[in-house]
Amino acid sequence: MAEAGVRKKISVTVNGVKYEREVNVRTLLSDFLRRELGLTGTHVGCEQGVCGACTILIDGQAIRSCLTLAVQADGRSVTTIEGIGSPEQLHPIQQAFWENHGLQCGFCTPGFVISAYAFLSENPNPTDEEIREALSGNLCRCTGYQGIIKSVKAVAEKMQATAVSNTK
Amino acid sequence: MSVQVEPKKLKWVGQRVRRKDGPEKVTGSLKYMTDYQFENMVWGRVLRSRYPYARIKRIDTSKAKAYPGVICVLTHEDVPGFNGFGIVIPDQPVLCHDYVRCMGDAVALVAAETEEIAEEALQLIEVDYEVLEPVTDPEEAIKDSAPKLHPSGNIHSRVHVKNGDVKKAFAEADVIVENTYYSPRQMHAFIETEGGWGILEEDGSLTIRCPGQYAFRDRLQIARVLAWNPERIRVISNPIGGGFGGKDEITVQIYLALLALHTGGRPVKIHYKREESVIAGIKRHPFKVTMKTAAKKDGTLVANKVVAFGDTGAYASLGGAVISLAIEHSCGPYYIPNVDLEGYCVYTNNGIAGAFRGFGVNQVCLAIEQNIDMIAEKLGMDPIEIRKKNVYHQGGLSSMGHRVTTSVGTWKTLDAAENCELWKNREKYKANPSEPWKKRGIGVATSFHGIGMGFGLPDYGAATIELLPGGRFLVGVCSEDIGQGNGTVFAIVAAEALQCHIDDIDVIQGDTRRTIDSGTVSASRSTYVGGNSVLAAAPFMIKLLKSTAAEIFKIDVDLVELRDGKLWAKVPVEGKNVLTYADIYQYLYEHRRETKVEGHFMVPKAEKQIGNNVGMPHHVYGYQTHVVLVEVDTLTGETEVLRVVSIPDCGKVINLQGLEGQAEGGAVMGMGYTLYEDTIIERGIFKTTNFTNYILPTFKETPIIETIPIEEAEKTGPFGAKGIGEVVMIPIIAAIVQAIYDATGVRINHLPATPERVYKAMKEQGVIYRG
């Protein structure tokens, strides 16, 4: 076990920007992103991997940043909610969540958007059952999930339509 | 002076309107209070009690104070004013000095350079306790032999309502059922735990940024503890990562204020870990309800006798109001002429209970709806028929004996239930379970919930409207957006009244400096009260727009017409005959005139109080019926809710998208309450610690939910709207329990209806799968 207070230099690309930082080896990736880089769109709800609010992408794969150490991101590419889109330029998934009322208080929403992003990259044409399965690791206390499933379906359909029209 | 819009001409009201705060929330760019950090920020932590009940003999903070990186350590000795808080009776110590009465009690505060140092410093605070035997059963707690947790004893409040002659009615009844129901200690489980930050400003004032449900009352509670003039304190309480009543009471505001006085002007932040939130946060009151209900052969309900015990834990918070609401709603939305209804709110050492969506009605709805189903079964009546027969109508008497003059949609919601596809085809749905060892059932239940504070309690709202450059408007209502989307509701109401596009309305909420007091975000009141407040302010804005236009046109104000969001001169004038809101702003700005107006609204009250019971009755109620389809696994006792039809009567719908969101979220929260959720406390000690052992509904358990709004317009509401936030989670509880009975023949009177409870009940009654 590494001693508390031992520091290590890491190099990590976050949302396309390369950062070199010295971090405590016990620093969580969620704390690193929020406190060191100021990327506070990644929320923390339970600190033990149940709620999914802290979900981010590492090399395209959705992971819980509250269960990951900052040093584990060394040499890898991280995408947070801030890297998906902005209020001025919403990603289609974000647009769909807005249109279909896939959010209420909004605190869990970044985690859902990231999970949906990773899921749709792997499965662009999912069934309802597959969406439910894929997003069952994210908790939302406000919406009852109906608006979220509508959002994910809407964006999948839109992406399909775009893909079809692009091949024509 | 009022705004009149013909229903046919409504442009925004009733549509599906996207949330105003959507883009910021879906991109994570909205900063919640717990997202803030600063270079010079310090971290605060709270030392909690080690026991559920103990006497404090000694507190020694010297080691913690000497620990490197610690900035201050505070105890009860550092509280400058009144050492207590609580919405109604402030009996909860800010920092305990003589006794601790629950595991969530705060004993000391630490501020330190880092969160880790603050955590370590907590371990260095020495507290000597004399451990006392905890009081954990409300019925034991009210006996003379029980230790008194508060000087006034363990009964925090007693509510009693009596009408007619119950004894005679029971003697003459054809059918009587009596049951005892137990309900769980549900946790709000908002995803953002309690937290925020505070700072002592250079001018000597305090700013506290902490999610809450009533900024002005939070400010008052802080001021009382500091012995400060509230005007010196600014509370910013919006945005909020979920509330549901759990942020109605003070959370960390006072701790932040106390610490901020000792950090030399550096901002101080507290953000609870989930495990601290579980222990320190308020919960839903667990109830024991014994209910005896009688009917005539034709299904007419004639008598109801209720004794309810609510466990409020160590402190009052809103416990008295919860038990009062429970009793007011304990007979359901029916007319029962003979009633004897008694409720006790009791102190124990089981954590702290307080406000939670539904506010006591969830617990009693289970009881009355189950009793009615049992009566219907005994009489061979259809469950919807018996309900339709007994509901009160607008202008009729409720079981409280009060005439309900406002809109009542119960009958229509029941009629919609009877005609919905799920109910009509219920035999077909039940006939095809997914596995041979699973059984399906369908249940229906109805309920209601008061809007606003009820009789005798102050209940008012206020809104500001400011004309901005470019002809936009800033609408200010203090009532916070806790997720339900009331900010978008206020924008819709304003856009409708001011004839402008919703994108031209900005909304500000939850700030004691920038908005005026509009009361709480609780009691399903913010659409009704806030919407009416915006409608009260709008005519003043219209007057300002018109009179300014008249001045520019150099004509009489009566000759100015507001049409299609523009101001027209009805007679020939020099120059152009039409002005935009932007023109008006520019003119007012150039002449250095005020561009802001305000409007106020007093919530109308029922004519007569019920007995001496504060808050009883309400004047306006929302109504709701649920139909559910469940599938029960007879091998495991596991219940799955497959479909829900939610039929709310919230009056006129302001934002259809918002209503559906509330109906869906409420249904799933009600499902969690019925099937999974319970904060387990044994002998005063929390066994539930986090989401690993507090089971919340996920995407996988969520049913398919259909919402059918019944718009029974209420003439006192904004465009006919009432409120809906709470009732949407209530009848589903009884409907699921009834559906489990329909599927298996077992009645579960002790919630949550966990697989263990359902399986045990099935086993006892011999309901097992024979392949």
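1. Start at the end of a helix. Just after helix 10 of chain B, B:Gly380 has a positive phi of about 70°. Helices here are DSSP runs of H or I with at least four residues, strands are runs of E with at least two, and both are numbered from the N terminus.

2. A word on the source. This is a predicted model, in which local features need pLDDT of at least 70 and side-chain atom pairs count only at pLDDT 80 or more, while totals for chains, interfaces and linings use all residues. Residues are numbered from 1 along each chain as its sequence is written, and chains are lettered from A, with ligands numbered from 1, in the order in which they are written.

3. Back to helix 10 of chain B. This helix covers residues 361-379. The end C-alpha atoms are 27 Å apart, which agrees. Of the 19 residues, 15 are buried, so the helix is largely enclosed by the rest of the structure. Buried means 20 or more other C-beta atoms within 10 Å of a residue's own, exposed means 12 or fewer, and partly exposed lies in between, with C-beta atoms placed from the backbone.

4. Next, a loop residue. B:Tyr335 sits between helix 9 (319-328) and strand 15 (338-347) of chain B. B:Tyr335 is partly exposed, with 19 other C-beta atoms within 10 Å. Leaving out residues up to four places away in sequence, B:Tyr335 touches B:Asn390, B:Tyr392, B:Gly396, B:Leu397, B:Ser398 and B:Ser399. Contact means C-beta atoms, placed from the backbone, within 7 Å. B:Gly401 is 66 residues from B:Tyr335 along the chain, with 8.3 Å between their C-alpha atoms.

5. Now the two chains. Chain A and chain B each put 43 residues into their contact. On the chain A side, helix 2 (92-99), helix 3 (109-122), helix 4 (128-134) and helix 5 (146-167) each supply at least two residues. Helix 2 of chain A has the largest share, four residues. By class, this side has 19 nonpolar, 17 polar and seven charged residues. Nonpolar covers Ala, Val, Leu, Ile, Met, Phe, Trp, Tyr, Cys and Pro; charged covers Asp, Glu, Lys and Arg; the others, Gly among them, are polar.

6. Last, the domains of chain A. The assignment gives domain 1 (7-82) and domain 2 (92-163), with bounds from an automatic or database domain assignment. Their C-alpha centres lie 22 Å apart. In contact are 16 residues of domain 1 and 12 residues of domain 2. Strand 3 of chain A gives the most to the domain 1 side, with three residues. That side divides into eight nonpolar, eight polar and no charged residues.

Key
Two residues are in contact if their C-beta atoms, placed from the backbone, lie within 7 Å. The expected span of a helix is 1.5 Å times one less than its number of residues.
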